[in-house]
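This report describes how the chains of one model meet and which local features deserve attention. Please consult the sequence and the structure while reading.

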2 protein chains.
Amino acid sequence: MRILGVDPGLRFTGYGVISVELKKGSFPLIQLVEAGVIRTHQNIGIAERLRRLYRSLSDVIQETKPDILAIEKLYAHYRHPATAILMGHARGVVCLLAGTNDLTLMNIASTHVKKAVSGHGHAGKAQIQRMIQHLLGLKQLPEPPDVADALAVAIACAHQQRAVK
Amino acid sequence: MRILGVDPGLRFTGYGVISVELKKGSFPLIQLVEAGVIRTHQNIGIAERLRRLYRSLSDVIQETKPDILAIEKLYAHYRHPATAILMGHARGVVCLLAGTNDLTLMNIASTHVKKAVSGHGHAGKAQIQRMIQHLLGLKQLPEPPDVADALAVAIACAHQQRAVK
């Protein structure tokens, strides 16, 4: 099974595809397939930024063929509503991609994501990066943090799949 | 010139296409091409809802061939952040459609929309419906209000085009 985790944003959208082998009574065997970040520049219009995000993430899906697309659940409270709505634009495009590519969309609670990679619900960005490096046996720290966040969502989703089985 | 006005929402997305003939020193001649509402049911997942919105609005664009896609500018303040972010999902998909169909995306301020159809900046939904009926010479009141709102955005955009010329 392959899971694509996405951390949507209008400037940076992190993504990470992992392959998951579920094992009875044990932790799932998880391996990195591909990860990266899609950047769009502020000096182009939002229509074009979203088009590039859609195209780039479509390409990742075509190449890596995931079964599940995992994103973080929405929070109820945001400090900056305007920023949150713009994030919502990118998140909408990501959800749409699950629809147009027939992927199962999984919403993972933020605390669950942090717990899955750090053992508790309040890990910072740097800690998540180090834990992702360790869990996936990577030679380097996943950079920028958006990539680590996307992989953390995918890994948390894999753990949830195990709980369901 | 044809303008597609859209009032995005996750449950109801109103749309309206108008044809505009700009006339020197006079109000533009505006005619209705097509208008309607795209409904998606709450009992299907968000990925599928956004996919249906994308497909339906794509069909409208293919059939009516607008040059401009007009939506209301984002507010900075919202009463219900979670609702606003979900609206942002639908708005993101609408902006994406401008990108994938090479339409010019125009953001129209809410007060400008109300002014264009009612003469002042604080018109209610029912008043906008009546004014749209009058301005476009429709036999019936445009229903639901989402359709009237979408047409109001398109008409406000037409007036702005005139101001630019």
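How many salt bridges are counted between chain B and chain A? The count is 0, where a salt bridge is a side-chain nitrogen of Lys or Arg within 4 Å of a carboxyl oxygen of Asp or Glu.

The model is predicted, and local features need pLDDT of at least 70, side-chain atom pairs count only at pLDDT 80 or more, and totals for chains, interfaces and linings use all residues. Residues are numbered from 1 along each chain as its sequence is written, chains are lettered from A and ligands numbered from 1 in the order in which they are written, and side-chain values use heavy atoms, with hydrogens and water left out.

**The interface**

The size of an interface is often given as the accessible area lost when the parts come together. Here chain B and chain A bury about 2000 Å² between them, and 80% of that area is on carbon and sulfur atoms. Buried area is the accessible area (1.4 Å probe) that two parts lose on being put together, summed over both. On the side of chain B, the residues that lose the most area to chain A are Ile85(B), His89(B) and Leu96(B), together 26% of what that side buries.

Each chain brings 25 residues to the contact, contact being defined as heavy atoms within 4.5 Å. Across the interface there are 4 residue pairs in polar contact, both residues at pLDDT 80 or more. A polar contact is a pair of N or O atoms within 3.5 Å; within protein, one must be able to donate a hydrogen and the other to accept it, and residues adjacent in sequence count only if both atoms are side-chain atoms.

In chain B, α1 (46–64) and α2 (81–100) each supply at least two residues of the side that touches chain A. The most comes from α2(B), with 15 residues. Helices (H or I, at least four residues) and strands (E, at least two) are DSSP runs, numbered from the N terminus.

**Symmetry and an aromatic pair**

A rotation of 180° with 0.0 Å of shift along its axis superposes chain B on chain A, with an RMSD of 0.0 Å. The two copies are therefore related as by a two-fold rotation axis. Superposition is by least squares on the C-alpha atoms of residues with pLDDT of at least 70 in both copies. The same surface serves both copies, as 100% of the contact residues of chain B recur in chain A.

The structure holds 1 aromatic pair over all chains. Tyr54(A) and Tyr54(B) are stacked, at 5.9 Å centre to centre and 25° between the planes. Tyr54(A) lies in helix α1 of chain A and Tyr54(B) in helix α1 of chain B, so the pair joins two chains. Rings of Phe, Tyr and Trp (its six-membered ring) pair if their centres lie within 6.5 Å; planes under 30 degrees apart count as stacked, over 60 as edge-to-face and the rest as tilted.

| Cis peptide bond | Omega |
|---|---|
| Glu143(A) to Pro144(A) | near -10° |
| Glu143(B) to Pro144(B) | about -15° |

Pro144(A) is placed in the loop between α4 (125–136) and α5 (145–164) of chain A.
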